[in-house]
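Take a look at the sequence and the 3D view before reading on.

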Amino acid sequence: CVQPPRRSSNCSFSAMARSMSLLPMVLLALGAWMLSSLTSQSGFVMNSATPRGSKVAMRGFKDDFYAWKETLSSEDQALLLKQAQNEFNKKFRASDEFKKSVSEDKIESFGKVLQKFFDNEREDYKKDVAMKTPDYDALQKKANQVAYDFSLKRAVIEVDRDADRRWSFATDKMKLAEDKDEVAPNSAPLEEMYLFANDGENHTNNVKQLENMKKAMEDASAPADAAKIKKMLDGFKIPAAGEDFAVKLPRKLIDDLKNTAGGIAAQKEGKSDSELDEMWWKQAGELVAGYYKQREEVEKDVEGLKKFFRSQKDMPGKTKADIVKQIWKELPKHMDTPVAPLDEEMLVDLAKEPAVIEGEFKHSWGTAEKLYKSEAIDSFGNRYLLGVFENKAEAEKAFDAWNKEYEQAGKDVKENLKNWAKQQEAELAEEQDSVDRIRKALEEARR
């Protein structure tokens with residue numbers, strides 16, 4: 001008839017106590033343990049994981065238990081405490097003192113305290129069950145509420161093909177120089193605006209520097225393109241004193257000039273200003289000349305490569321085999337040794353391929369200065385390349401066409417899902433009786 005906690009019970013603890021001559025061991029042990037805890041400590045130590053309702057019920061039980069404890073005599077309290085402390089002492093358990101009990105009315109009143117506690121626990125349990133009952137339609141409700149944005153965003157990215165070619169040729173030149181234990185100038189053409197102070201002494205120095213640069217370009221040791229540089233310098237005028245000015249200059253060249261100036265400044269010990277000026281103009285002149293020479297060579301290579309791709313000729317009716325035969329015909333004019341004959345099987349295979357593949361004649365990747373990538377970006381940040389085009393308008397047009405198909409595909413998917421959902425709902429409606437029976441069984445199992 002004794003039920004575990006958090007379960008409903010039809011048993012009356014007072015009736016149970018009246019029907020027995022001795023207090024049941026489980027009830028005696030429980031009461032003695034509680035009395036021992038309250039006697040030796042200021043209160044119960046509750047588990048932090050206990051639900052809120054159980055904490056409230058336990059606080060009420062604590063108050064009731066204190067009130068019941070006050071009704072016990074000091075002898076009864078001492079007896080229960082001793083019995084609890086010697087619960088596992090075999091010798092004590094065999095003694096008459098262990099078999100003693102408090103009076104019947106005390107047992108009955110304590111049974112009422114426990115009965116009240118378990119009744120409160122039962123109510124808390126019912127509330128917890130009601131709160132934990134799942135919403136079987138929650139997933140469907142959630143799906144109806146969420147409207148995710150699957151639209152695409154357009155991105156048109158400029159591709160500077162001339163910059164790609166410059167980087168390729170400049171890198172090759174630096175690698176070749178490195179193989180020869182030489183240093184090739186970095187001819188990066190990126191330019192930035194530089195602000196020059198032009199007040200007082202700064203103005204005087206600026207005018208002097210400009211005149212010195214013009215004279216340096218007239219010197220016999222000036223670079224081959226000195227006339228072009230001097231013409232550019234002649235077209236530049238220093239503003240009036242007090243008016244700062246900005247000049248657009250190659251960033252890499254300016255950085256190298258700053259480093260050179262720093263190196264010369266570190267050697268100023270024991271040198272006159274004229275000696276330092278001579279060192280500066282010599283090293284700076286070589287640096288500027290080397291930079292522009294390398295930059296001009298790279299530009300010639302860039303233009304030459306574009307010219308090469310633009311020189312492609314259309315050959316309707318010709319195959320790759322015809323091209324190879326023509327090359328083999330010209331080879332003996334440029335070689336000292338005999339040219340090996342062509343493989344006939346290879347020529348048969350090449351004869352199946354046209355000399356100019358459709359869509360690759362004068363391909364823009366080889367001929368254009370700038371191109372434009374068209375990309376589509378989805379809501380998750382994934383990027384999809386739609387193509388590379390010669391102008392922005394074509395890139396935008398490609399996205400619009402692709403996005404139109406994408407949106408139509410999305411509508412088709414939604415329509416298919418809608419029809420599928422209707423079919424599923426129809427099937428569920430036919431089986432509603434079974435669903436209701438299952439839900440009812442689950443509800444009853446929770447009671």
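## Ground rules

This is a predicted model, so to speak: local features need pLDDT of at least 70, side-chain atom pairs count only at pLDDT 80 or more, and totals for chains, interfaces and linings use all residues. Residues are numbered from 1 along each chain as its sequence is written, and side-chain values use heavy atoms, with hydrogens and water left out.

## Salt bridges

Side chains of opposite charge can pair when their charged atoms come close. Here a salt bridge is a side-chain nitrogen of Lys or Arg within 4 Å of a carboxyl oxygen of Asp or Glu. How many salt bridges does the structure hold? There are 23.

One of them joins Asp164 and Arg161, at 3.1 Å from N to O. The two sit 3 residues apart in helix H9 (residues 161-179), which means about one helical turn separates them. (Helices, H or I with at least four residues, and strands, E with at least two, are DSSP runs numbered from the N terminus.) Arg161 is buried at 10% relative accessible area, while Asp164 is partly exposed at 35%; buried means under 20%, exposed over 50% and partly exposed in between, with a 1.4 Å probe and protein chains only.

## Bridges further along

Glu297 and Lys173 also form a salt bridge, with their closest N and O atoms 3.7 Å apart. That pair links distant parts of the chain: Glu297 is in helix H13 (residues 273-310) and Lys173 in helix H9, 124 residues apart. Glu297 is partly exposed at 31%, and so is Lys173 at 22%.

Glu375 pairs with Lys373, again as a salt bridge, with 3.7 Å between the closest N and O atoms. Glu375 is buried at 8%, whereas Lys373 is partly exposed at 26%. There's also a salt-bridge network linking Asp162, Arg165, Glu303, Lys306 and Glu369.

## The sheet and its helices

Three strands make an open sheet in the order S1-S4-S5, with antiparallel pairing; two strands pair if DSSP finds at least two bridges between them. Strands S1 (153-160) and S5 (383-389) are the edges, each pairing on one side only. S1 and strand S4 (residues 370-377) pair over 8 bridges, and Asp160 stands opposite Lys370 in S4.

Helix H9 packs on this sheet, touching S1 and S4. Helix H17 (residues 392-430) packs on the sheet too, touching S1, S4 and S5. Contact here means heavy atoms within 4.5 Å.

Key. Axes fitted to C-alpha atoms, helices over the stretch in contact; angles between N-to-C directions.
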